Amino acid sequence: MFCSTVIPTIARSTLSRAVQSVLDQSFSADDFEVIVVNDSGRPLPPAEWHQSPRVRIIDTQRRERCVARNTGAAIAKGQFLHFLDDDDWLLPGALQAFWDLAQSSNAAWLYGGCEVVDNDGSRLSVAHLGASGNVLAQVMSPQQWVPVQSSLIKTEGFSK
């Protein structure tokens, strides 16, 4: 399996959009899964995506986002981990772009750009380094940042 998308949630109303944005990817080069980690402390409201064979729902008990992410990562089957917050979504073609990038690189961390939009969908900013190679220092500097939502991290190196 190529990618496991982990979505920690506190049952926000935007969760369905986040999950559906992954399920709607036209990606077909390899398989992917979506792991929703429900950290709300209550059952999630019923939604159609609950029935998808690509989705697994794990319940935690108000442990906070980092524990929810790590819980999802611990059961992930994908070669890469992708973390998506429950109020974010993937643009169409994102998984295919990551697949293409992964085929030309053996990097442990792949990243792409992202758009920051407001609740009405108006673009506030665009983040994209446009750099390649070993850019860890650039990415971690206060002037440049790559949000975890626009990154893939090799699963085997994540827990080390």
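**View 1. Surroundings of Trp49 in the predicted model.** Trp49 is in contact (heavy atoms within 4.5 Å) with Leu15, Ser16, Val19, Gln20, Leu23, Val36, Leu44, Val55 and Ile57, leaving aside its neighbours within four places in sequence. Trp49 also belongs to the largest nonpolar core, which has 27 residues. A nonpolar core is a set of buried Ala, Val, Leu, Ile, Met, Phe, Trp, Tyr and Cys residues joined through side-chain atoms within 4.5 Å. Buried means under 20% relative accessible area, exposed over 50%, and partly exposed in between, with a 1.4 Å probe and protein chains only. Phe2, Val19, Val34, Val36 and Trp49 touch the most other members of this core. Two or more of its residues come from each of strand 1, helix 1, strand 2 (32-38) and helix 3 (94-103). Another core, of nine residues, lies apart from it and includes Val6, Ile35, Val37 and Ile153.

The model is predicted: local features need pLDDT of at least 70, side-chain atom pairs count only at pLDDT 80 or more, and totals for chains, interfaces and linings use all residues. Residues are numbered from 1 along each chain as its sequence is written, and side-chain values use heavy atoms, with hydrogens and water left out.

**View 2. The whole protein chain, for orientation.** The protein chain has five helices and eight strands. Helices (H or I, at least four residues) and strands (E, at least two) are DSSP runs, numbered from the N terminus. Their order from the N terminus is β-α-β-β-α-β-α-β-β-β-α-β-α. Of its 160 residues, 43% count as buried. The accessible surface comes to about 9,100 Å², with 49% belonging to carbon and sulfur atoms; the areas come from the Shrake-Rupley method with a 1.4 Å probe, and for residues only the protein chains shown count as cover. Among contacts between residues at least 6 apart in sequence, 68% join residues at least 24 apart.

**View 3. Aromatic rings around Phe2 and Trp99.** One aromatic cluster is formed by Phe2, Phe27, Phe32, Phe80 and Trp99. Rings of Phe, Tyr and Trp (its six-membered ring) pair if their centres lie within 6.5 Å; planes under 30 degrees apart count as stacked, over 60 as edge-to-face and the rest as tilted. The count of aromatic pairs by this rule is five. Phe2 and Phe80 make a tilted pair, 5.5 Å centre to centre with 55° between the planes. This pair links distant parts of the chain, 78 residues apart: Phe2 is in the segment before strand 1 and Phe80 is in strand 4 (residues 80-83). Phe2 and Phe80 are both buried. The pair of Phe27 and Trp99 is edge-to-face because the ring centres are 6.0 Å apart and the planes stand at 65°. Phe27, in the loop between helix 1 and strand 2, and Trp99, in helix 3, are 72 residues apart. Phe27 is buried at 6% relative accessible area, and Trp99 counts as buried at 18%.

**View 4. Arg54 and the ring of Phe32.** Arg54 lies over the face of Phe32, at 4.1 Å from the ring centre. A charge sits over a ring if NZ of Lys or CZ of Arg is within 6 Å of the ring centre and within 35 degrees of the ring normal. Arg54 is in the loop between strand 2 and strand 3 (55-59) and is partly exposed, with a relative accessible area of 28%. Leaving aside neighbours within four places in sequence, Arg54 is in contact with Leu23, Asp31, Phe32, Glu33 and Val34. Arg54 and Glu33 are 21 residues apart in sequence, and their C-alpha atoms are 4.8 Å apart. Elsewhere, Arg17 lies over the face of Trp89, at 3.5 Å from the ring centre.

**View 5. The buried side of helix 2.** In helix 2 (residues 65-75), the buried residues are Ala68, Arg69, Gly72 and Ala73. These residues are on the same side of helix 2 because they cover an arc of only 135° around the axis; the arc is that of the directions from the helix axis to the C-beta atoms. Exposed residues Cys66 and Ala74 are on the face turned away from the buried side of helix 2. The cover over the buried residues of helix 2 includes strand 1, strand 2, strand 4 and helix 5 (155-158).

**View 6. Thr5 in strand 1.** Thr5 is found in strand 1 and counts as buried at 0% relative accessibility. Not counting residues up to four places away in sequence, Thr5 touches Val22, Glu33, Val34, Ile35, His82 and Leu84.
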